[in-house]
Amino acid sequence: MGVVRRVAAGVVAAGLLLVVPGVAHADTGAGAVKFSASTGIGTHNAYEKDKYTYWAQALDSGASLLELDVYVDSITKRWRVSHSNPFGNDNNCEHADTPGELYSQSRNQDLGSCLDNMAAWEQLHPDHAPVIVKVEMKVGFNQTIGLGPSAFDTLVSQKLGSSVYKPADLLGSSYPTLDAAAKADAWPTRDQLKGKFVFELIPGTVEQANPFDHYWTDQEYGDHLRDLYAAGKISEAQAFPAVLGAANGDPRTSRYDASIRPWFVFFDGDAATYVNNGYDTSFYAANHYILIMTDAYNVSPAISSTSPTDAEVAARLALLAADHASVITSDWSTKSAAVLGELAARG
């Protein structure tokens with residue numbers, strides 16, 4: 001399994017996806033490869049100020065995935081971005097919605113400002129490589145106060161517009177479900193995804209620990225996709241819900257009603273659980289599903305969760321690409337764009 005290295009643009013070798021790394025995660029030789037056929041590196045909780053001073057710097061990092069933790073604040077009816085404070089913002093997103101304001105404004109803003117930063121940053125980097133924005137809904141949605149899936153879609157659409165690669169884009173006019181489209185490998189190439197953000201939604205830790213919450217983010221958004229499609233409004237959806245947790249076989253079968261299983265093509269789980277338990281992850285690659293492997297550092301032999309060597313990161317990327325990951329994540333924010341922008345051919 002080959003890992004992308006800093007090499008001359010346009011050169012392609014067997015088993016390698018070759019990218020010239022740098023600011024905005026520029027794609028070159030890997031451009032003709034489908035989104036489903038490459039493996040990249042993501043940063044866990046990239047919104048935290050100890051990882052990047054500003055959210056725009058997280059976007060500069062070259063990472064293929066960046067994570068936001070979002071709380072629905074039922075008192076103020078706002079989308080808060082924070083790790084542990086549901087009533088306030090604690091993050092590196094700025095009050096900035098133009099390129100000239102980035103890297104200098106007050107931080108600790110809400111989700112809308114994080115999206116504003118992305119729109120402003122994209123004006124500086126219109127041909128950036130695709131970035132998965134993983135959103136953990138810490139306490140889930142709250143439809144009763146107007147902060148349900150439709151409100152999320154509206155906010156993302158208003159802020160980012162055509163810069164979002166949506167479920168409807170994967171469906172096109174040929175497929176009735178996301179599962180059918182993924183199995184047909186209808187994913188675009190990386191070149192076709194230049195300038196795009198792809199939103200992944202997962203249920204949050206607080207939501208999962210709440211004994212009174214039996215309607216988690218994944219199921220709620222899966223229902224949302226099914227119902228939008230039935231109503232002829234699937235173009236309104238802005239995100240892909242993910243099946244959370246490493247499992248063997250198809251985890252959708254026992255977890256969801258049959259009517260929404262085909263609306264899940266993102267899967268997200270602990271890398272060591274997949275690898276150490278010998279789970280058959282070829283299932284994901286064979287069906288062209290997107291597989292996020294978290295805590296990549298912890299796969300044996302474990303490496304630093306924050307500051308591994310460049311060679312260790314490259315080796316871990318190659319190892320988990322061979323295990324069919326689409327993205328591996330860790331807290332490697334100290335690494336350069338030359339490292340975080342690496343890609344490998346997915347096994």
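User: Ala, Val, Leu, Ile, Met, Phe, Trp, Tyr, Cys and Pro count as nonpolar, Asp, Glu, Lys and Arg as charged, and the others, Gly among them, as polar. On that scheme, how do the residues of the lining of the largest cavity divide?

Analyst: Heads-up, this is a predicted model: local features need pLDDT of at least 70, side-chain atom pairs count only at pLDDT 80 or more, and totals for chains, interfaces and linings use all residues. Residues are numbered from 1 along each chain as its sequence is written, and side-chain values use heavy atoms, with hydrogens and water left out. The lining includes Phe35, Arg190, Ile290 and Ser326 (lining residues have an atom within 4 Å of a point; on a 1 Å grid over the protein atoms alone, a cavity is a set of points where a 1.4 Å probe fits but cannot get out). The lining divides into five nonpolar, four polar and one charged.

User: And how much space lies in the largest cavity?

Analyst: The structure holds one cavity of 30 Å³ or more. Volume here is the space filled by probe spheres set on the points, which are joined across faces, edges and corners. For the largest cavity that comes to about 80 Å³.

User: Which residues lining the largest pocket are the closest to its centre?

Analyst: A pocket is an open set of grid points with protein on both sides within 12 Å along at least five of seven lines. The largest pocket has a volume of about 200 Å³. Its lining has 14 residues, and the closest to the centre are His44, Glu67, Lys134, Glu136 and Thr294.

User: Which elements give two or more residues to the lining of the largest pocket?

Analyst: Elements are DSSP runs numbered from the N terminus, helices being H or I with at least four residues and strands E with at least two. By class, the pocket lining splits into three nonpolar, six polar and five charged residues. The elements giving two or more are β4 (131-137), β5 (197-203) and α6 (205-209).

User: Is Val133 buried or exposed?

Analyst: Val133 sits in strand β4. Its contacts (heavy atoms within 4.5 Å) beyond four places in sequence are Leu66, Leu68, Met118, Phe197, Val198, Phe199 and Glu200. Glu200 is 67 residues away in sequence, yet its C-alpha is 6.1 Å from that of Val133. The cut-offs are under 20% relative accessible area for buried, over 50% for exposed and partly exposed in between (1.4 Å probe, protein chains only), and at 1% Val133 is buried.

User: What is the radius of gyration of the protein chain?

Analyst: The chain comes to twelve helices and ten strands. Taken over C-alpha atoms, the value can be set against the globule rule, 2.2 Å times the number of residues to the power 0.38. The rule gives 20 Å for 347 residues, and the chain is close to that, so it is as compact as a globular protein of that length, with a radius of gyration of 19 Å.
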